[in-house]
Amino acid sequence: MFGFRIGKNVVPWLLFGVLLLLPAAHPGNNLMRLLFGTALWITCSVAWNLLGGFAGQVSFGFAVFYGLGAYTSALLINAGISPYLAFPVAALVAVLASFLVGLPTFRLRGPYFVIATIGVGEATRVIMNNLPITGGASGLRVIEPGPFRQLDHYYTAIIVMALAVALSAWIANSKFGLALRAIKQDQDAAADVGVNPYTSKLWVHAIAAALTAIAGGAYARYHAFIYPGDVFAFQTSITILLMPVIGGIGTVWGPVLGGVIFGIVEEELVVNFPNIHLLLYGSLLILIILFEPGGLLGLLRRLSRLVRSKPRREDPGSPDAEQVLWGSGGAQGH
Amino acid sequence: MNDKFFRISICLILLALLGAVPLLAQDTINIGVVMPMTGREAKPGLYQKEGIELAIKQINGAGGITIKGKKLQLKEIFYDDGSDSAKSAALTERAMSSDNVVAVIGGYSTALGEAESVMPDRYQTPWITAGAAATSIFSKGYKYTFGTLSPVVLLGSTTAEFLGSLVDQGKLKKGLKIALVVENTDHGVDYVNGINEWIGKHPGYFTVVLTEKFDLGGTDFSALLQKVKTARADIFLSDAHLQDYITMQRQYLQAGLHHQMISYGARGPESDARKALGAGTDYILAALWWSDRLPYPQVQKFVNDYKAMYNRPPDSWYAATAYDSMRILAQAIQAAGTLDKTKVRDQLAKAQLKGSLLPGMVLSYGPNGQAGYSFLVTQNKPGDKVDIVYPKDAATGPAVAPMP
Amino acid sequence: MTAVDYLSLVISALLLAGIYAAMAVGMTVIYGVMKIVNLAHAGFLMLGAYFAYEMYERFHIDPILGAVIALPAFFLFGMAVYWVLVRWLPKSDTPTLASLLLMFGFWQVLQNVAYLVWGNTAYSIFTPRSLASVHIGEISISKDKLIVFTAAVISLVLLQFIFNRSWFGRSMRSLIQNPYAAKIVGVDDQRTSMLSFGLGTAFAGFAGALLAMLYPFTPDFGPPFLLRSFVIIVLGGLESISGVALGALILALLETFSINIPLPWYWHGWNFSYLPASYQPAVSFVLLVVVLLVLPKGFAGLFEKKWRVA
């Protein structure tokens, strides 16, 4: 899981380079739009994974940060502030919100934490639906002076995504990441060996919230119209958490894969099979949970091992996925 | 790194598939249609799609549109946005940027319409909505957005005007109290503004004693209806989507509420409501953009054509506005004589669709892109009947007021 | 507000509490025994509603009867779902993300199947009784709501009985208290889990059929009820039936009264104003979060020993 050190790994850099240079090949607005959307989803996916995959705290309420990022950026851009200043401010707002949410809720264990995050998410949505400053349920338009330059949006998204992935990889290999992993396995034992679970969780929550908020802000700027039923929706929280689970929870690249699926495959699904795409998702999710907790990344790993016909050895990725999904084996309780 | 290799190759394959340039069909005129087929707004979305397809079928059957001497057929490129505004905007953008469409018809319901309305000016492609009427869409100075629905503010003020006319006729007393319970959307807000606007201009007729908003898709309105009861109003005006209309009216009746007049904004005669509530929908008023009871010959022809194609009559106004949107678009394309989107847009801006199904028999767009024809007020009558009760010259039956 | 208005509100809240309790109890059973937060509960509610609809439309069976028929039908269905999907989840004494997501995926599948079969029209069941009310003085009570309330109370009492008196109930209780110890004393974990899942699903279907009498439904009928069920069982403590009743009552009272009585707030002196109705959904969620923080195990946590499997 923590295997992919950036320095040794030339492929991600190559991919990043391709993405940076792609516009020169004039691939068309549609592809750029898809890549833009995918990059934002990847950012959210990687961000959620920091808290949910690395630290094992499953939040069903990330739409709060996405929405806060979207609205903060929208309001600031409408006030004439440059988006590139608005996004960091939005991130800051989300960080504050993450403390507000995390301080009380991280004391909860098990399903209570999950349910609390759902409650916070929905309460936020309803409140935002009613506040005059956000335009209420009618939503808010983002009016940015000047013509629409898709490249600006594209590069913003790509860079934010790269930042998120780099951060994720760095955390994965750092002492902090080790601490998070310890918390995930057994919070009390981690505390016994000197990790402060409470503050660690708060910090990773803050980082995840900041990244998600920037993604939300970029979304708001591109789509130029947001309303609470869209950015604060429960469905959005679900999407944000489904991506890393389907892609491969607990790994660095699993969430990226999940983001790609949601950004690109999802639209093709919706366009071609509008009647059954829920069925496909649901079935995919069930299959992953039952057979391959490492998500699609885990599946790919297995396939590649088959192809290389190496003897089956314990996959470093899976235990983490299983850890998050299945809990600490049931032998110890919380 | 074999697993990474797999992942990357899959990504690249996907990218390659997408980068593939869509085949440019030179012998059809592509019209993008983005409507909800699934999700909350699915039913009206379906009806609007049907209206558009009926128009396309008729236009193609008559030979299509002649551009530079060549007869071209209309081709619909359809996307289901699942009643999700982000998807709606994304699909509209996709249609405009990579499907080579001349225009997009879309945006059933305000939220979807608002989201989509960002795209037309960005991609300089005309966009017509037959299902979103919020004024805010058309007050941003956009050039490429057009709305076939008259503004909801007018809906509100027409309702109030009609009620005022009942007072003038002596059917209702002066000074009655109104309870306003609207959905928490642009639509609801505009409705309230329309009512208040009329009341402000005609003092002494009515007073509003309660204004409340409710979240879309609510299930239990008993607490809210209790508040309405406490307000002791004479007239109950609401603005809601179909599902909420049914839910609320049922609970209204179960709670034993009674008012002199009831309206649910632009909802009233829908067949789903009749099925779900039976006689509970009798005498409910609605201010609609169209009714199949309009005494125009083209309306009758439309109803017959629709029945022939879909084996059922058109439900409420949804299909009609979409039908005329397609027709006026076709007319504009024909007038422009080219598929150049800006020229088509210019033609749309000054187009006049004569023989329109809509009240007034002429459809044209105002300077901000929104149409402005007057509303009809209908009243449900017992036995599944519907009568147009306002304006007088289109009326098919008398208004019953107060409700029995 | 007059006294009659207040009474009306109280009655309204009570009836609502009955509806909420019926809807939440299925989830409680499954959670208590198997520690699975059953997100597919929303899907079962939805299917229960469609079941009642079909019974009514095709066989002209009154929805109440339809709801009763739903009990065994969904019991079997629940057991089947357990057998095919759920039994693969390893036993844990805390809920796992896997169980959560598995049920969520299943819910999505159920939703889509419902779309394919019934489309996305909002169906409702319209019986001659639908608009009828019982009139007590100035107060009108919907007949259907009364029936649902009665059915809910009966189902709660029935469940309580099963829990306390039957062999099956004892097995369930022992699994709730300590799954490992239960296995040691010979409780068949697999069988009891399967039966419990069936029971939970049965009551979900039952509740769905009852709900169908009151509200129109589409395939995505579930989420508001699901989220309210969460609130209720957290309030009630996730593991007890009377806790569910208590939680439902608290939620219903709060929702009903919060927009109807002026609430005090302080800004340059005390003011009173009405909460706008559009904030009503937020009430339940704020309540949820507050309770979780103040009473991490819900109200039942206060009465741990007494209420645990009451």
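1. Chain B and chain C bury about 2,900 Å² between them, and 51% of this area lies on carbon and sulfur atoms. Buried area here is the accessible area (1.4 Å probe) that two parts lose on being put together, summed over both. The model is a predicted one, in which local features need pLDDT of at least 70 and side-chain atom pairs count only at pLDDT 80 or more, whereas totals for chains, interfaces and linings use all residues. Side-chain values use heavy atoms, with hydrogens and water left out; residues are numbered from 1 along each chain as its sequence is written, and chains are lettered from A in the order in which they are written.

2. On the chain B side, 35 residues are in contact with 41 residues of chain C, contact meaning heavy atoms within 4.5 Å. The count between the two chains is 1 salt bridge, a term for a side-chain nitrogen of Lys or Arg within 4 Å of a carboxyl oxygen of Asp or Glu. B:Arg232 and C:Asp5 meet through their side chains in a salt bridge, at 3.2 Å from N to O. Several elements of chain B, among them helix H2 (42-61) and strand E8 (206-214), each supply at least two residues of the side that touches chain C. Helices (H or I, at least four residues) and strands (E, at least two) are DSSP runs, numbered from the N terminus.

3. Chain B itself is divided into domain 1 (8-150 + 295-364) and domain 2 (153-288 + 376-394), with bounds from an automatic or database domain assignment. The contact between these domains takes 17 residues from domain 1 of chain B and 17 residues from domain 2 of chain B. Their C-alpha centres lie 31 Å apart.

4. Domain 1 of chain B and domain 2 of chain B bury about 1,300 Å² between them, 48% of it on carbon and sulfur atoms. B:Arg40, B:Asp315 and B:Trp317 supply 31% of the area that domain 1 of chain B buries against domain 2 of chain B, more than any other three residues.

5. The rule finds 1 salt bridge across this interface between the domains of chain B. In the salt bridge of B:Lys43 with B:Asp272, the closest N and O atoms are 3.1 Å apart.

6. Chain A has 15 helices and 2 strands. Of its 334 residues, 63% are buried, that is, under 20% relative accessible area (1.4 Å probe, protein chains only). Among chain A contacts between residues at least 6 apart in sequence, 80% join residues at least 24 apart.

Conventions. Buried < 20%, exposed > 50% of the residue type's maximum accessible area, 1.4 Å probe, protein only.
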